[in-house]
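Have the viewer open and follow along.

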Amino acid sequence: MERTADGGIRMKAYMLEDCRQAQTAGGLSQPQQAIVTYTVTADPWGRIRQIQRKEETR
């Protein structure tokens, strides 16, 4: 969490999420995992201004 220039906050939350099924070389199905990052920006009174979602497959 960090303060923004106007006194609000920016907070990041990380989550490991099972998403798609991937095929292995042997033809088996294996769930793929993704690291999902949510960045929430709020004003000085705690009102949410923006939520951003970013996904990285591992």
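Which residues make a nonpolar surface patch of about 310 Å²? In this predicted model, the patch is formed by Tyr14, Leu16 and Ile35. Leu16 sits in strand 2, residues 9-23, and is partly exposed at 48% relative accessible area. Partly exposed covers the range between the buried cut-off of under 20% and the exposed cut-off of over 50%, so Leu16 at 48% falls in it.

As for the overall layout, the chain has four strands and zero helices, giving the order β-β-β-β from the N terminus. Of its 58 residues, 17% are buried. The chain exposes about 4,600 Å², with carbon and sulfur atoms supplying 50% of that. Looking at contacts between residues at least 6 apart in sequence, 31% join residues at least 24 apart.

Now for the charges. Side chains of opposite charge can pair when their charged atoms come close. The whole structure holds six salt bridges, including these:

| Pair | Closest N and O atoms |
|---|---|
| Glu17 and Arg53 | 3.2 Å |
| Asp43 and Arg47 | 2.9 Å |
| Lys54 and Glu56 | 3.7 Å |

Take the pair of Glu17 and Arg53, with 3.2 Å between the closest N and O atoms. This pair ties strand 2 to strand 4 (residues 48-57), with its partners 36 residues apart. Glu17 is partly exposed at 21%, and Arg53 is partly exposed too, at 43%.

In the remaining tabulated pair, Lys54 is exposed at 51% and Glu56 is partly exposed at 42%.

Key. Residues are numbered from 1 along each chain as its sequence is written. This is a predicted model: local features need pLDDT of at least 70, side-chain atom pairs count only at pLDDT 80 or more; totals for chains, interfaces and linings use all residues. Side-chain values use heavy atoms; hydrogens and water are left out. Patches are made of residues with over 30% relative accessible area and no salt bridge: like charges are joined within 9 Å, nonpolar side chains (Val, Leu, Ile, Met, Phe, Trp, Tyr) within 5 Å. Accessible areas come from the Shrake-Rupley method with a 1.4 Å probe; for residues, only the protein chains shown count as cover. A salt bridge is a side-chain nitrogen of Lys or Arg within 4 Å of a carboxyl oxygen of Asp or Glu. Helices (H or I, at least four residues) and strands (E, at least two) are DSSP runs, numbered from the N terminus. Buried means under 20% relative accessible area, exposed over 50%, partly exposed in between (1.4 Å probe, protein chains only). Contact means heavy atoms within 4.5 Å.
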